[in-house]
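Visitor: I'm new here, and I'd like a close look at one part, please. Could we go to the aromatic rings?
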Amino acid sequence: MHMSDGIIDLPASLLFGVVAVIGIGVCASRARTELNEKTVPMAGLVAAFVFAVQMVNFPILPGVSGHLLGGALAAILVGPFTGALCVSIVLVVQALLFADGGLSALGANITNMALIGVTVGYSVAVILRAIVLRHTTLTGLGVVAFLAALCGTVCASAGFILEYAIGGAAPTSLGAVAAYMLGTHVLIGIGEGLITAVTVVAVARVRPDLVYLLRTKSTVDA
(Lines give C-alpha, C1' and ligand atoms only; values in the text may rest on other atoms or scores of the structure.)
Protein backbone atom coordinates (compact mmCIF):
# COMPACT_ATOMS: atom_id res chain seq x y z
CA MET A 1 0.00 0.00 0.00
CA HIS A 2 1.22 3.48 -0.83
CA MET A 3 0.49 6.23 1.68
CA SER A 4 0.33 9.84 0.49
CA ASP A 5 1.26 12.96 2.44
CA GLY A 6 -1.13 14.00 5.19
CA ILE A 7 -2.39 10.56 6.21
CA ILE A 8 -0.21 10.58 9.32
CA ASP A 9 1.05 13.70 11.08
CA LEU A 10 4.58 15.09 10.95
CA PRO A 11 5.88 13.58 14.23
CA ALA A 12 4.77 10.09 13.13
CA SER A 13 6.27 10.65 9.68
CA LEU A 14 9.59 11.65 11.24
CA LEU A 15 9.52 8.69 13.63
CA PHE A 16 9.04 6.14 10.88
CA GLY A 17 11.48 8.00 8.66
CA VAL A 18 14.13 7.32 11.32
CA VAL A 19 13.01 3.69 11.53
CA ALA A 20 13.35 3.37 7.76
CA VAL A 21 16.82 4.93 7.68
CA ILE A 22 18.07 2.63 10.43
CA GLY A 23 16.51 -0.41 8.76
CA ILE A 24 17.98 0.41 5.36
CA GLY A 25 21.38 1.00 6.95
CA VAL A 26 21.33 -2.43 8.58
CA CYS A 27 20.22 -4.06 5.32
CA ALA A 28 22.94 -2.28 3.33
CA SER A 29 25.63 -3.49 5.71
CA ARG A 30 24.36 -7.09 5.67
CA ALA A 31 23.42 -7.42 1.99
CA ARG A 32 27.03 -8.14 1.03
CA THR A 33 26.70 -11.54 2.72
CA GLU A 34 23.92 -12.45 0.27
CA LEU A 35 25.41 -11.15 -2.97
CA ASN A 36 28.06 -12.46 -5.32
CA GLU A 37 28.87 -12.09 -9.00
CA LYS A 38 26.08 -14.50 -9.91
CA THR A 39 23.35 -13.01 -7.76
CA VAL A 40 23.90 -9.28 -8.33
CA PRO A 41 22.17 -9.35 -11.75
CA MET A 42 19.34 -11.32 -10.15
CA ALA A 43 18.85 -8.53 -7.60
CA GLY A 44 18.52 -6.02 -10.44
CA LEU A 45 15.93 -8.17 -12.18
CA VAL A 46 13.98 -8.59 -8.94
CA ALA A 47 13.94 -4.81 -8.36
CA ALA A 48 12.70 -4.26 -11.91
CA PHE A 49 9.97 -6.88 -11.48
CA VAL A 50 8.82 -5.40 -8.16
CA PHE A 51 8.77 -1.94 -9.75
CA ALA A 52 6.58 -3.22 -12.57
CA VAL A 53 4.03 -4.98 -10.35
CA GLN A 54 3.83 -2.05 -7.93
CA MET A 55 2.89 0.32 -10.74
CA VAL A 56 -0.56 -1.29 -10.89
CA ASN A 57 -2.45 0.63 -8.17
CA PHE A 58 -6.06 0.74 -7.04
CA PRO A 59 -7.60 2.96 -4.34
CA ILE A 60 -8.33 1.61 -0.84
CA LEU A 61 -8.87 4.71 1.30
CA PRO A 62 -8.59 8.42 0.47
CA GLY A 63 -4.85 8.98 -0.02
CA VAL A 64 -4.01 5.28 0.21
CA SER A 65 -3.61 2.91 -2.74
CA GLY A 66 -3.19 -0.84 -2.79
CA HIS A 67 -0.94 -2.94 -5.00
CA LEU A 68 1.27 -6.00 -4.93
CA LEU A 69 4.25 -5.54 -2.60
CA GLY A 70 6.86 -8.04 -3.81
CA GLY A 71 8.63 -8.24 -0.44
CA ALA A 72 8.41 -12.00 0.08
CA LEU A 73 9.26 -12.60 -3.57
CA ALA A 74 12.42 -10.49 -3.30
CA ALA A 75 13.49 -12.09 -0.01
CA ILE A 76 13.02 -15.65 -1.26
CA LEU A 77 14.94 -15.01 -4.47
CA VAL A 78 17.81 -12.75 -3.35
CA GLY A 79 17.73 -12.77 0.47
CA PRO A 80 15.98 -10.64 3.10
CA PHE A 81 18.54 -7.82 3.33
CA THR A 82 19.00 -7.47 -0.42
CA GLY A 83 15.26 -7.89 -0.90
CA ALA A 84 14.50 -5.04 1.50
CA LEU A 85 16.97 -2.84 -0.39
CA CYS A 86 15.33 -3.73 -3.72
CA VAL A 87 11.88 -2.76 -2.45
CA SER A 88 13.23 0.42 -0.82
CA ILE A 89 14.88 1.55 -4.06
CA VAL A 90 11.63 0.95 -5.91
CA LEU A 91 9.69 3.03 -3.37
CA VAL A 92 12.18 5.91 -3.53
CA VAL A 93 12.09 5.97 -7.35
CA GLN A 94 8.29 5.86 -7.39
CA ALA A 95 8.01 8.69 -4.86
CA LEU A 96 10.57 10.95 -6.55
CA LEU A 97 9.84 10.33 -10.21
CA PHE A 98 6.22 9.18 -10.35
CA ALA A 99 4.65 10.91 -7.31
CA ASP A 100 3.49 7.49 -6.15
CA GLY A 101 3.49 7.82 -2.38
CA GLY A 102 4.14 11.06 -0.49
CA LEU A 103 7.68 12.24 0.31
CA SER A 104 6.83 12.86 3.97
CA ALA A 105 5.31 9.37 4.09
CA LEU A 106 8.27 7.69 2.38
CA GLY A 107 9.71 6.47 5.67
CA ALA A 108 6.39 4.91 6.66
CA ASN A 109 5.99 3.29 3.24
CA ILE A 110 9.50 1.83 3.40
CA THR A 111 8.87 0.62 6.95
CA ASN A 112 5.69 -1.17 5.90
CA MET A 113 6.64 -2.64 2.55
CA ALA A 114 10.42 -3.01 2.63
CA LEU A 115 11.01 -3.78 6.31
CA ILE A 116 7.85 -5.36 7.73
CA GLY A 117 6.73 -7.06 4.51
CA VAL A 118 10.14 -8.53 3.75
CA THR A 119 10.93 -9.54 7.34
CA VAL A 120 7.62 -11.30 7.91
CA GLY A 121 7.54 -12.86 4.47
CA TYR A 122 11.04 -14.28 4.74
CA SER A 123 10.55 -15.42 8.35
CA VAL A 124 7.42 -17.34 7.38
CA ALA A 125 9.28 -18.85 4.42
CA VAL A 126 12.14 -20.03 6.65
CA ILE A 127 9.75 -21.54 9.22
CA LEU A 128 7.72 -23.33 6.56
CA ARG A 129 10.87 -24.46 4.76
CA ALA A 130 11.69 -26.77 7.66
CA ILE A 131 8.20 -28.29 7.51
CA VAL A 132 7.26 -28.33 3.83
CA LEU A 133 10.62 -28.63 2.11
CA ARG A 134 12.00 -31.71 3.84
CA HIS A 135 12.33 -33.08 0.34
CA THR A 136 12.66 -30.13 -2.02
CA THR A 137 9.85 -30.14 -4.56
CA LEU A 138 8.53 -27.38 -6.74
CA THR A 139 5.03 -27.85 -5.33
CA GLY A 140 6.30 -27.47 -1.78
CA LEU A 141 8.30 -24.40 -2.73
CA GLY A 142 5.20 -22.89 -4.31
CA VAL A 143 3.19 -23.45 -1.12
CA VAL A 144 5.93 -21.83 0.97
CA ALA A 145 6.13 -18.83 -1.38
CA PHE A 146 2.36 -18.38 -1.42
CA LEU A 147 1.95 -18.39 2.36
CA ALA A 148 5.02 -16.19 2.90
CA ALA A 149 3.69 -13.55 0.51
CA LEU A 150 0.20 -13.66 2.01
CA CYS A 151 1.49 -13.20 5.57
CA GLY A 152 3.96 -10.51 4.56
CA THR A 153 1.26 -8.50 2.78
CA VAL A 154 -1.20 -8.64 5.67
CA CYS A 155 1.46 -7.71 8.23
CA ALA A 156 2.61 -4.79 6.07
CA SER A 157 -0.95 -3.46 6.13
CA ALA A 158 -0.94 -3.90 9.92
CA GLY A 159 2.11 -1.61 9.96
CA PHE A 160 0.01 1.07 8.31
CA ILE A 161 -2.69 0.60 10.94
CA LEU A 162 -0.09 1.03 13.71
CA GLU A 163 1.20 4.22 12.09
CA TYR A 164 -2.33 5.54 11.75
CA ALA A 165 -3.01 4.73 15.41
CA ILE A 166 0.10 6.69 16.43
CA GLY A 167 -0.40 9.74 14.26
CA GLY A 168 -3.43 9.46 12.03
CA ALA A 169 -4.29 12.84 10.55
CA ALA A 170 -7.35 11.84 8.52
CA PRO A 171 -10.94 11.90 9.84
CA THR A 172 -11.54 8.17 9.27
CA SER A 173 -11.79 6.18 12.52
CA LEU A 174 -9.06 3.70 13.44
CA GLY A 175 -11.58 0.83 13.55
CA ALA A 176 -12.79 1.52 10.04
CA VAL A 177 -9.24 1.84 8.75
CA ALA A 178 -8.18 -1.43 10.39
CA ALA A 179 -11.16 -3.41 9.13
CA TYR A 180 -10.86 -2.14 5.59
CA MET A 181 -7.08 -2.40 5.35
CA LEU A 182 -6.88 -5.92 6.73
CA GLY A 183 -9.84 -7.17 4.72
CA THR A 184 -8.55 -5.67 1.50
CA HIS A 185 -5.00 -6.89 2.00
CA VAL A 186 -6.08 -10.45 2.64
CA LEU A 187 -7.42 -10.39 -0.91
CA ILE A 188 -4.31 -8.61 -2.20
CA GLY A 189 -2.20 -11.14 -0.33
CA ILE A 190 -3.89 -14.04 -2.09
CA GLY A 191 -3.12 -12.46 -5.45
CA GLU A 192 0.42 -11.66 -4.38
CA GLY A 193 0.85 -15.19 -3.08
CA LEU A 194 -0.15 -16.69 -6.41
CA ILE A 195 2.19 -14.41 -8.38
CA THR A 196 5.03 -15.05 -5.93
CA ALA A 197 4.54 -18.81 -6.06
CA VAL A 198 4.44 -18.91 -9.87
CA THR A 199 7.51 -16.67 -10.18
CA VAL A 200 9.62 -18.49 -7.59
CA VAL A 201 8.74 -21.91 -8.98
CA ALA A 202 9.54 -20.73 -12.52
CA VAL A 203 13.00 -19.57 -11.43
CA ALA A 204 13.62 -22.70 -9.34
CA ARG A 205 12.64 -24.96 -12.24
CA VAL A 206 15.36 -23.47 -14.44
CA ARG A 207 18.00 -22.20 -11.98
CA PRO A 208 17.45 -23.44 -8.41
CA ASP A 209 20.90 -22.13 -7.52
CA LEU A 210 19.54 -18.59 -7.93
CA VAL A 211 16.81 -19.03 -5.30
CA TYR A 212 18.25 -17.75 -2.03
CA LEU A 213 15.86 -19.76 0.13
CA LEU A 214 17.01 -23.00 -1.50
CA ARG A 215 20.70 -22.07 -1.30
CA THR A 216 20.47 -21.44 2.42
CA LYS A 217 18.51 -24.68 2.90
CA SER A 218 21.31 -26.61 1.23
CA THR A 219 23.88 -24.91 3.45
CA VAL A 220 21.93 -25.75 6.60
CA ASP A 221 21.37 -29.36 5.51
CA ALA A 222 25.08 -29.79 4.79
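How many aromatic pairs does a search of the whole structure find?

Guide: Searching the whole structure turns up two aromatic pairs. Rings of Phe, Tyr and Trp (its six-membered ring) pair if their centres lie within 6.5 Å; planes under 30 degrees apart count as stacked, over 60 as edge-to-face and the rest as tilted. One of the two pairs brings together Tyr 122 and Tyr 212: the ring centres are 6.1 Å apart and the planes sit at 50°, so this pair is tilted. Tyr 122 belongs to helix H5 (residues 106-132) and Tyr 212 to helix H8 (residues 212-221), so the pair ties together parts 90 residues apart in sequence. Helices here are DSSP runs (H or I, at least four residues), numbered from the N terminus. Both Tyr 122 and Tyr 212 are buried; buried means under 20% relative accessible area, exposed over 50%, and partly exposed in between (1.4 Å probe, protein chains only).

A word on the background: this is a predicted model, where local features need pLDDT of at least 70 and side-chain atom pairs count only at pLDDT 80 or more, while totals for chains, interfaces and linings use all residues. Residues are numbered from 1 along each chain as its sequence is written, and side-chain values use heavy atoms, with hydrogens and water left out.

Now for another buried spot: Gly 189, with a relative accessible area of 0%, is found in helix H7 (residues 174-206). Leaving aside residues up to four places away in sequence, Gly 189 touches Leu 150 and Thr 153, where contact means heavy atoms within 4.5 Å.

Terms used:
Helix = DSSP H or I, 4+ residues; strand = E, 2+ residues; numbered from the N terminus.
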